[in-house]
Amino acid sequence: MKTPLTRIGAVLAVIAVIAVAGLAGRHYWGMIAGAPESGVAAIGGPFTLIDEGGRTVTEADFRGQPLIVYFGYTYCPDVCPTTLTTIAEALDLLGNKGHDIAVLFITVDPERDRPENVGEYARVFHPQIVGLTGTIEQVTAAARAYRVYFAKASQNPNDPEDYLVDHSAYTYMMGRDGKFLTHFPHGVSAKDMAERIAKLL
Ligand code: NI
């Protein structure tokens with residue numbers, strides 16, 4: 001016969017398992033929504049976007065360079081500026097070692113982020129950061145390739161230009177061959193990011 005104490009223990013264990021499963025599920029969903037079971041290796045792939053000068057760029061233009069990829073938008077109040085600052089600091093820490101890394105800041109808000117805005121915004125953080133935009137279809141396809149979730153949120157009913165965009169905030173690192181190497185969560189320190197990048201270069 002079980003004592004009440006063992007029974008409480010069993011209940012707590014069940015709650016703990018459910019909580020852990022819930023968190024794991026949420027992480028999975030946030031990072032690679034819609035990804036096949038093969039998982040993180042499926043991140044990345046072809047994209048066609050527009051750079052600051054209005055030129056069409058594809059993943060092939062960066063082949064041979066290590067690539068850091070982050071999706072966000074210039075009106076983002078906090079997460080994107082924080083992440084871009086971290087990436088910029090990591091590049092500074094890497095110094096010469098990271099001189100040929102291309103950092104892509106791809107907007108998830110192509111309606112407001114025009115080529116010149118997104119390019120100028122990205123460059124303010126670091127000269128190695130390239131801002132890219134495109135048509136809604138191009139941006140959606142790029143986000144899908146990187147398993148990035150984004151959706152318009154908190155729209156001001158009196159001003160269609162005033163809204164926030166929810167988006168996943170992982171930073172991806174791709175190798176010179178364009179293949180996925182690793183990802184960094186939002187909140188990673190510049191030092192940790194620089195150390196991990198250095199090992200993968
Ligand atoms: Ni953001």
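In what order do the elements of the chain run from the N terminus on? Colour by secondary structure and follow along: α-β-β-β-α-β-α-β-α-β-β-β-β-α. That comes to five helices and nine strands, where helices (H or I, at least four residues) and strands (E, at least two) are DSSP runs, numbered from the N terminus. Before you go on, note that this is a predicted model, where local features need pLDDT of at least 70, side-chain atom pairs count only at pLDDT 80 or more, and totals for chains, interfaces and linings use all residues. Residues are numbered from 1 along each chain as its sequence is written, and side-chain values use heavy atoms, with hydrogens and water left out.

**Stop one: the sheet**

Select the five strands of the open sheet, which sit in the order β5-β4-β3-β8-β9 with mixed pairing; two strands pair if DSSP finds at least two bridges between them. At the edges you'll find β5 (129–132) and β9 (180–184), each with a single partner strand, so one side of each has no neighbour in the sheet. On average, neighbouring strands here are turned by 25 degrees against each other, direction ignored. Angles run from 0 to 180 degrees between N-to-C directions, with axes fitted as lines to C-alpha atoms, for helices over the stretch in contact.

**Stop two: strand β3**

Now zoom in on residues 67–72, which make up β3. Towards β8 (residues 171–174), four bridges join the two strands, which run antiparallel; look for V69 and its bridge partner Y172. Towards β4, there are six bridges and the strands run parallel, with Y70 standing opposite F105.

Is β3 enclosed or open? Six of its six residues are buried, so β3 is largely enclosed by the rest of the structure. Buried means under 20% relative accessible area, exposed over 50%, and partly exposed in between (1.4 Å probe, protein chains only). Show the side chains: L67, V69 and F71 are on one side, with I68, Y70 and G72 on the other.

**Stop three: the helices on the sheet**

Pick helix α2 (residues 79–94), which lies across β3, β4 (102–107), β5 and β8, at about 165 degrees to β3. Within α2, click on A88, which counts as buried at 6% relative accessibility. Leaving aside residues up to four places away in sequence, A88 touches F125 and H126; contact means heavy atoms within 4.5 Å. Then select α5 (residues 190–200), which also packs on the sheet, touching β3, β8 and β9, and makes about 175 degrees with the direction of β9.

**Stop four: the nickel ion**

Which residues coordinate the nickel ion? Select C76 (SG), C80 (SG) and H167 (NE2), at 2.1 to 2.2 Å. Donors are N, O and S atoms within 2.8 Å of the metal (3.2 Å for Na, K and Ca), and water is not among the atoms, so sites may look incomplete. Their spacing along the chain is C-x3-C-x86-H. C80 lies in α2 and H167 in strand β7 (residues 164–167), so the pair ties together parts that are 87 residues apart in sequence. C80 is buried, at 0% relative accessible area, and H167 counts as buried at 15%.

**Last stop: the core**

Finally, select V69, F71, I87, Y146 and Y172, which touch the most other members of the largest nonpolar core, a set of 49 residues. α2 gives the most to this core, with six residues. Such a core is a set of buried Ala, Val, Leu, Ile, Met, Phe, Trp, Tyr and Cys residues joined through side-chain atoms within 4.5 Å.
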